[in-house]
Structures are given as C-alpha cells and as structure tokens.
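Please look through the structure below.

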Amino acid sequence: MSQQGAALQSYNNELVKCIEDLCSKRDELHKHILQEEEEKQKLQNDMRILSERLAKVNESLAKKMASRNEFDKTIAETEAAYMKILESSQTLLNVLKRESHSLREKSMSQGGSTQRTLTQT
C-alpha cells in the first residue's frame, strides 16, 4: 500500500505542478491581455484625436478653397474689365490719331489756300 500511496503522492505532486504551470501561463496571458487592452485604449484615443484634427483640417480646407475660388472669380472679373479698358483705350487712341490727322490735313489745306489768296491779291 505504501507503493500506492507513493504513486498517489507522485500523481498529486505532478497534478499540483501542472495546475501551477497552467496558473502561471494564465497569469502571463492575463498580463498580455491587460497590456493590449491598454494599447487598444491608447490607439482609440489617438484615433479620436486624429479624427477631430482631420475634421478641423477639412473644415479649414473648405473655407480656404472657397476663399481661393472667390479670389479666382475676382481676378477673372478684374482681368476682363482691364481688357475692356485696354480695348477702349486702343479705340480712343485710334480715334484720336485719326482726328488729329484729319485736323492737320484741314489745317494744311486751309493754310495753303490762305497763302494762295494772299499771293493773288
């Protein structure tokens, strides 16, 4: 019977050792779970912060793009008005040159006829 008792004691010691090993592995696994849960919380917080920043950047971009579009519109309108002014200036210059030339010709022809009248008398 002492052999049976010794065998039972050996089995019991082995069983206790296996249970202790399992408990040790469970504790190690629990420690890893806690670390990963902590990392998960940190990552979720980082994602929330980044999502908020992304929303703010998107809002800022939308405002700046709208402003840029207004600049583009104003520039286009100003350039169009400036081109009209240039065209009008060119037209005015052409009219002025034509009138000036016409006035010179009239002046010359009247000055020439006055000279002839004076010489004839």
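Predicted model: local features only at pLDDT ≥ 70, side-chain atom pairs only at ≥ 80, totals over all residues.

Ile-85 sits in helix α1, which covers residues 2-120. Helices here are DSSP runs of H or I with at least four residues, strands are runs of E with at least two, and both are numbered from the N terminus. Residues are numbered from 1 along each chain as its sequence is written, and side-chain values use heavy atoms, without hydrogens and water.

The C-alpha trace spans about 175 × 20 × 10 Å along its principal axes. Of the 121 residues, 0% count as buried, where buried means under 20% relative accessible area, exposed over 50%, and partly exposed in between (1.4 Å probe, protein chains only). Ile-85 counts as exposed because its relative accessibility is 52%.

The chain also holds six salt bridges, each a side-chain nitrogen of Lys or Arg within 4 Å of a carboxyl oxygen of Asp or Glu. One of them joins Asp-46 and Lys-42, at 3.1 Å from N to O. These two residues are four apart in helix α1, so about one helical turn separates them. Lys-42 is exposed at 52% relative accessibility, whereas Asp-46 is partly exposed at 27%.

Glu-59 and Lys-63 form another salt bridge, with the closest N and O atoms 3.5 Å apart. They too lie four residues apart in helix α1, about one turn of the helix.
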